[in-house]
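Morning, everyone. Please bring the structure up on your screens, and we'll walk through it.

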Amino acid sequence: MSGRGTYYVTTPIYYVNDVPHIGHAYTTLACDVLARFMRLDGRDVHFLTGTDEHGQKVEKAAAAAGLAPQAFTDKVSQSFRDLVKTMNFSPDNFIRTTEKRHYAACQALWEKLVEAGDIYLGKYAGWYSVRDEAYFVESETEVGSDNKRRAISSGAEVEWVEEPSYFFRLSTWGDRLLEFYEKNPRFIAPESRRNEVISFVKGGLQDLSVSRTSFSWGVPVPGDPKHIMYVWLDALTNYITECGYPDTGNPLWKYWPADLHMVGKDIIRFHCVFWPAFLMSAGIAPPQRVFAHGWWTNEGQKISKSLGNVIDPMELVDAYGLDPVRYFLLREVPFGNDGDLQRRALVGRLNGDLANAYGNLCQRVLSIVAKNCGGKVPAMGSISEVDMALLDRAKALLGIVRADLDDQAFHRALTSIWEVIADANRYVDAQAPWALAKTDPARRDTVLWVLAETIRRVTLLVQPFMPDSAGKILDQLAVPAGERAFAAFDRALVPDTVLPKPQGVFPRFVEPAKAAS
Ligand code: ME8
């Protein structure tokens, strides 16, 4: 699929006030699967993740840890880089907002906004939530029974802030934003989020405070360093810092505008309202798409530090294995919806979809081949209608998965792949190759070839989701490294190729307590 150009996909950059949790792993996983898929599909991919290191929230967390902000962010940022390794993510770069080049990009963007006449000096008097790093009008807050005022959307406490501040004339951007959404129907997904953003903008926008003077951990405003930039203006800029901004001659500038910013549903307003307005004001093209995914709960409960039920992705991987966790997170819940993480469901998928369906198919076919066909890819004789039906279904998968991933419908892509796995399992049962050994060895070989070939196609498409496991299965089919990209999808296994000894790839999960007894 070369010739389809570049593909730039980004995760939000994560606050370093705390260590990574399942929400971070989920967002980056979705991007990782897209990046891997697009690379295999011949696209020139740039996949960016990183950490958001400025602002009051991080400054407070550093103080609580008794560390200077830079030392603190160095430490916590590392735990996000460790997560990249644990989860086998494949970013092309990991950006930090404390990098020098990022300061330069933020200040250059600021100057463009000033030149456009969209920045003025005023005074902010209103509510601010440090946890959300967001401003709220009073009607977006409520006072609880404990007499504390909180943001209704997030439940985070707000505090009254009154300080000199630069403002961005967001109030003048409403019509231009609505026109932009109208002309670019794919800009916000899923549809429910698009409607939410449109009605927010139609409700009228207020000018946005874009600098703070009451603390200092951030990027100084050019020409007025008492002010530091609002952390969201700073953070959003990371996406263009990476491409070399303001140097649009930088070789990485070819990736802008980004194909996709993946975000959680809580940060859609920043990405779909503020960000395109900043960019259009500065004369820069907005990104092509923002997808807002849902939130996980833990066994039915909202995840929160105070409830002590934060899910550590590393722990999940230790308990269930990396690829099963990657599979489960994207298969269990229609992407875009909220989901509940239940261990019972995870084990069900691991044993059902992975061990019984896919693992068993590979194991059955490859061990019969090893025993009966001299450990070589069997000879393909004449192909019957049933053989062709299975081969055709496997062949059609690439187009189906490509279309699903264009819509970020990971669950649909996986469902389609697993339907072919189920077809292949039914075909094994119906054709019973073990029974053909004596009566019709040529037919047995053909059946086994059809199955091995189906496993090859399916596994090529499983690679982005479960890279290690798919790699092991392709090794067992002796598919050369150079034939694992989708350009080789329509080639076929070559009879007589020597195969390594088969080995199970998806063991059944047995509860540790039961395993010990
Ligand atoms: O928002 N389930 O960073 P962050 C799923 N620095 N996703 C969840 C989740 C859950 N239970 N909890 C959180 C920021 N998330 C900013 C981004 S980008 C220019 C700046 C997701 O570390 C959440 O939706 O607070 C968000 O997308 C991501 O974790 C990071 O949040």
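**Pockets, cores and domains**

Let's start with a pocket. The second largest pocket is lined by 15 residues. Nearest its centre lie Arg 186, Asp 259, Leu 260, Gln 288 and Arg 289. By pocket I mean an open set of points on a 1 Å grid over the protein atoms alone, with protein on both sides within 12 Å along at least five of seven lines; lining residues have an atom within 4 Å of a point.

A word on the source. This is a predicted model: local features need pLDDT of at least 70, side-chain atom pairs count only at pLDDT 80 or more, and totals for chains, interfaces and linings use all residues. Residues are numbered from 1 along each chain as its sequence is written, and side-chain values use heavy atoms, with hydrogens and water left out.

Back to the pocket. What classes make up its lining? There are 6 nonpolar, 3 polar and 6 charged residues. Nonpolar here is Ala, Val, Leu, Ile, Met, Phe, Trp, Tyr, Cys and Pro; charged is Asp, Glu, Lys and Arg; the others, Gly among them, are polar.

Next, the domains. The domain assignment, automatic or from a database, gives domain 1 (6–294) and domain 2 (343–488). Their centres, over C-alpha atoms, are 42 Å apart. How many residues meet? 14 residues of domain 1 are in contact (heavy atoms within 4.5 Å) with 19 of domain 2. Between the two domains, about 1400 Å² is buried, and carbon and sulfur atoms give 65% of that. Buried area is the accessible area (1.4 Å probe) that two parts lose on being put together, summed over both. On the domain 1 side, Val 33, Phe 37 and Leu 40 supply 45% of the area buried against domain 2, more than any other three residues.

Now the cores. A nonpolar core is a set of buried Ala, Val, Leu, Ile, Met, Phe, Trp, Tyr and Cys residues joined through side-chain atoms within 4.5 Å. Buried means under 20% relative accessible area (1.4 Å probe, protein chains only). The largest core has 108 residues, and Leu 330, Phe 410, Ile 417, Trp 418 and Phe 465 touch the most other members. Both domain 1 and domain 2 give residues to this core, so it lies between them. Phe 410 touches Val 33, Met 262 and Phe 465, among others, not counting residues up to four places away in sequence.

Technical notes
1 Å grid on protein atoms, 1.4 Å probe; cavity = no way out; pocket = protein on both sides within 12 Å on 5 of 7 lines; lining within 4 Å. Buried < 20%, exposed > 50% of the residue type's maximum accessible area, 1.4 Å probe, protein only.
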